Amino acid sequence: MSGRRRFVVFGRWALVVAWAAVVYFGPAVSAPSPIAYFIEFAVLSFLLANALWQHMGLLTACAVAVLVTCVLGIADGAVSLMVPDHPFSLFDWVVGAGGALVGGIAAHPALRVIDSFVSSDL
């Protein structure tokens, strides 16, 4: 693996970790709205598909990203139990899962275009 490709792969995973931190530590500041949950999990799913695509096929990466993000939504709900006045709600998880699905679906065509610019000379 070339040094530039290694940097790109590392950068994609760093984006996932950074955004996951936003998702998990954001509720400690304030309880997000359903729209915020949807967007947070859509972006997380998209970024996760982007990182996973470096290790598996694109369709598989998108599907795994949706599933993992949905499971992370349950973990996020458990973390939210520690935030005062913000109990876990099934509605929040469904909204987050919907965002994860949209992020994974949007990732499939978008990542081909994005990767054609990033990986053209890797």
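Modeller: Helices here are DSSP runs of H or I with at least four residues, strands are runs of E with at least two, and both are numbered from the N terminus. The model is a predicted one, in which local features need pLDDT of at least 70, side-chain atom pairs count only at pLDDT 80 or more, and totals for chains, interfaces and linings use all residues. Residues are numbered from 1 along each chain as its sequence is written, and side-chain values use heavy atoms, with hydrogens and water left out.

Biologist: How many helices and strands are there in the protein?

Modeller: The order of elements from the N terminus is α-α-α-α. The count is therefore four helices and zero strands.

Biologist: What share of the residues in the protein is buried?

Modeller: A residue is buried under 20% relative accessible area, exposed over 50% and partly exposed in between (1.4 Å probe, protein chains only). Of the 122 residues in the protein, the buried share is 39%.

Biologist: In which helix is leucine 44 found, and is the residue buried or exposed?

Modeller: Leucine 44 is found in helix α2.

Biologist: Which residues does leucine 44 touch, not counting residues up to four places away in sequence?

Modeller: Contact means heavy atoms within 4.5 Å. The C-alpha atom of leucine 44 is also separated by 7.5 Å from that of glycine 103, 59 residues apart along the chain. The residues that leucine 44 touches are Val16, Trp19, Ala20, Thr69 and Leu72.

Biologist: What separates the end C-alpha atoms of α2?

Modeller: The expected span of a helix is 1.5 Å times one less than its number of residues. The 19 residues of α2 should therefore span 27 Å, and this agrees with the distance between its end C-alpha atoms, 27 Å.

Biologist: How far does α3 reach from its first C-alpha to its last?

Modeller: Buried positions in α3 include Leu58, Ala61, Cys62, Ala65, Val66 and Thr69. The helix has 23 residues, for which 33 Å is expected. Close to that value, α3 reaches 32 Å.

Biologist: Why are tyrosine 37 and phenylalanine 41 a stacked pair?

Modeller: Rings of Phe, Tyr and Trp (its six-membered ring) pair if their centres lie within 6.5 Å, and planes under 30 degrees apart count as stacked, over 60 as edge-to-face and the rest as tilted. By this rule there is one aromatic pair. The rings of tyrosine 37 and phenylalanine 41 are stacked because their centres are 6.1 Å apart and their planes stand at 25 degrees.

Biologist: What separates tyrosine 37 and phenylalanine 41 in helix α2?

Modeller: Both residues are buried. An α-helix has 3.6 residues a turn, so residues three or four places apart point the same way. Tyrosine 37 and phenylalanine 41 are four residues apart in α2, so their separation is about one helical turn.

Biologist: Where is tryptophan 13, and which residues does it touch, leaving aside those up to four places away in sequence?

Modeller: Tryptophan 13 is partly exposed, with a relative accessible area of 29%. Its C-alpha atom is separated by 5.5 Å from that of alanine 51, 38 residues apart along the chain. Tryptophan 13 lies in helix α1 (residues 3-29), and it touches Leu48, Ala51, Leu52 and His55.

Biologist: Is asparagine 50 buried or exposed, and what is its relative accessibility?

Modeller: Asparagine 50 has its place in helix α2. Apart from neighbours within four places in sequence, asparagine 50 is in contact with Arg12 and Leu111. Asparagine 50 counts as buried because its relative accessibility is 10%.

Biologist: Which residues does glutamine 54 touch, not counting residues up to four places away in sequence?

Modeller: Glutamine 54 is in the loop between α2 and α3 (58-80). It counts as buried because its relative accessibility is 13%. Its C-alpha atom is separated by 9.4 Å from that of valine 8, 46 residues apart along the chain. The residues glutamine 54 touches are Arg5, Val9, Arg12 and Asp115.

Biologist: In which helix is valine 102 found?

Modeller: Valine 102 is partly exposed, since its relative accessible area is 42%. The helix that holds valine 102, spanning residues 90-118, is α4.
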